[in-house]
Amino acid sequence: SIPYPLGDGVNLFVRPLIPVFLDQPTPIVSGTQVVDSDGGGMSGGRQFEDTDTELGDISFDVAIGKTFSNGIVAVGGVVGTLDTATDDAVGLGQTLLGPEFLLGKGGHWGFVGMLVNHQWDVAGDSDFDTSITGGQYFYTYNLKNAWQIQAQPTWSYNHEAEGEKWTLPLGIGISKTTAFGKLPVKFSLQYWHYVEQADAFGPDYQVRFQIAPVVPLPW
């Protein structure tokens, strides 16, 4: 996350996300059917193959946000996804673009809020349409000694999907911020349980460990 102050509590935010898949299982597809262990389509156990180390589709958002004196934070901007994947198995084959909004409330107790965006396909593979609403809900509850209870699960609703359209995890986690010399670093561990999952090959749950250093900006 790269913020740039514009003055009077207003900031410009740029957030690139560059995914690198080290070992990604993907379903083996023959024609239009997923191959099962018996070679008979979807009826049996699905067969998978692993990709090599691949670059995924790079996504980004660019937005302007303002923090108000009552603790309300409002953000508006654009979000996009670039067709940069080096393997079709880990990419969409399209370029996406759309609007993004965030509304949150902070205080001495912590922070809570919701990020919502929507993306449509604007270039790339024209064999299918993409229309996805997504975002994050997030919460932080401050504890003593720089400990926090927090989570930031990402959710989505695929308007073009057949069958289940929601991907919705419930998340909980804990974090600790500590200093290494003058560098603050946050360590967090989260558990996401998916109550809805549109992707038949998506996870039932995730365990996420993150290390987030707070690096001084040059401006």
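**Figure 1. Side-chain contact between T81 and Q119.** The side chains of T81 and Q119 are joined by a polar contact of 2.9 Å. A polar contact is a pair of N or O atoms within 3.5 Å; within protein, one atom must be able to donate a hydrogen and the other to accept it, and residues adjacent in sequence count only if both atoms are side-chain atoms. The model is predicted: local features need pLDDT of at least 70 and side-chain atom pairs count only at pLDDT 80 or more, while totals for chains, interfaces and linings use all residues. Residues are numbered from 1 along each chain as its sequence is written, and side-chain values use heavy atoms, with hydrogens and water left out. T81 belongs to strand 10 (residues 72–81). Helices (H or I, at least four residues) and strands (E, at least two) are DSSP runs, numbered from the N terminus. T81 has 11% relative accessibility and therefore counts as buried; buried means under 20% relative accessible area, exposed over 50%, and partly exposed in between (1.4 Å probe, protein chains only). With neighbours within four places in sequence set aside, T81 is in contact with D57, I58, S59, F60, Q94, T95, L96 and Q119, a contact being heavy atoms within 4.5 Å.

Figure 2. Strand 10 runs antiparallel to strand 11 (residues 94–107), and 10 bridges connect them. Two strands pair if DSSP finds at least two bridges between them. Within strand 11, L96 is the bridge partner of T81. Strand 11 also pairs in the antiparallel sense with strand 12 (residues 110–124), over 12 bridges. A hairpin through 2 residues joins strand 11 to strand 12, and Q94 stands opposite G124 in strand 12.

Figure 3. D57 is located in the loop between strand 8 (54–55) and strand 9. Is D57 buried or exposed? Its relative accessible area is 13%, so D57 is buried. The side chain of D57 reaches two backbone nitrogens: that of T84 at 3.3 Å, and that of L92, which lies 2.8 Å from a polar atom of the D57 side chain. Apart from neighbours within four places in sequence, the contacts of D57 include L17, P19, T81, L82, D83, V90 and G93. D57 and D88 are 31 residues apart in sequence, and their C-alpha atoms are 9.9 Å apart in space.

Figure 4. The whole structure holds 2 salt bridges, each defined as a side-chain nitrogen of Lys or Arg within 4 Å of a carboxyl oxygen of Asp or Glu. D61 counts as buried at 7% relative accessibility, whereas R15, at 35%, counts as partly exposed. The side chains of D8 and K66 also meet in a salt bridge, at 3.9 Å from N to O. Here too distant parts of the chain are linked: D8 is in the loop between strand 1 (2–7) and strand 2 (10–17), and K66 is in strand 9 (residues 59–67), 58 residues apart. K66 counts as partly exposed at 24% relative accessibility.

Figure 5. Most residues other than glycine have a negative phi. D8, a residue other than glycine, has a positive phi near 55°. At 69% relative accessibility, D8 counts as exposed. N145 is not a glycine either, and its phi is positive at about 60°. N145 is found in the loop between strand 13 (131–142) and strand 14 (147–151) and is exposed, with a relative accessible area of 62%.

**Figure 6. Nonpolar core around A63, and chain totals.** Which residues make up the largest nonpolar core? The 6 residues are A63, V73, V75, L102, L115 and F138. A nonpolar core is a set of buried Ala, Val, Leu, Ile, Met, Phe, Trp, Tyr and Cys residues joined through side-chain atoms within 4.5 Å. With neighbours within four places in sequence excluded, A63 is in contact with N11, L12, F13, V75, G76, G77 and E100. The protein chain has 0 helices and 18 strands, and 26% of its 219 residues count as buried.
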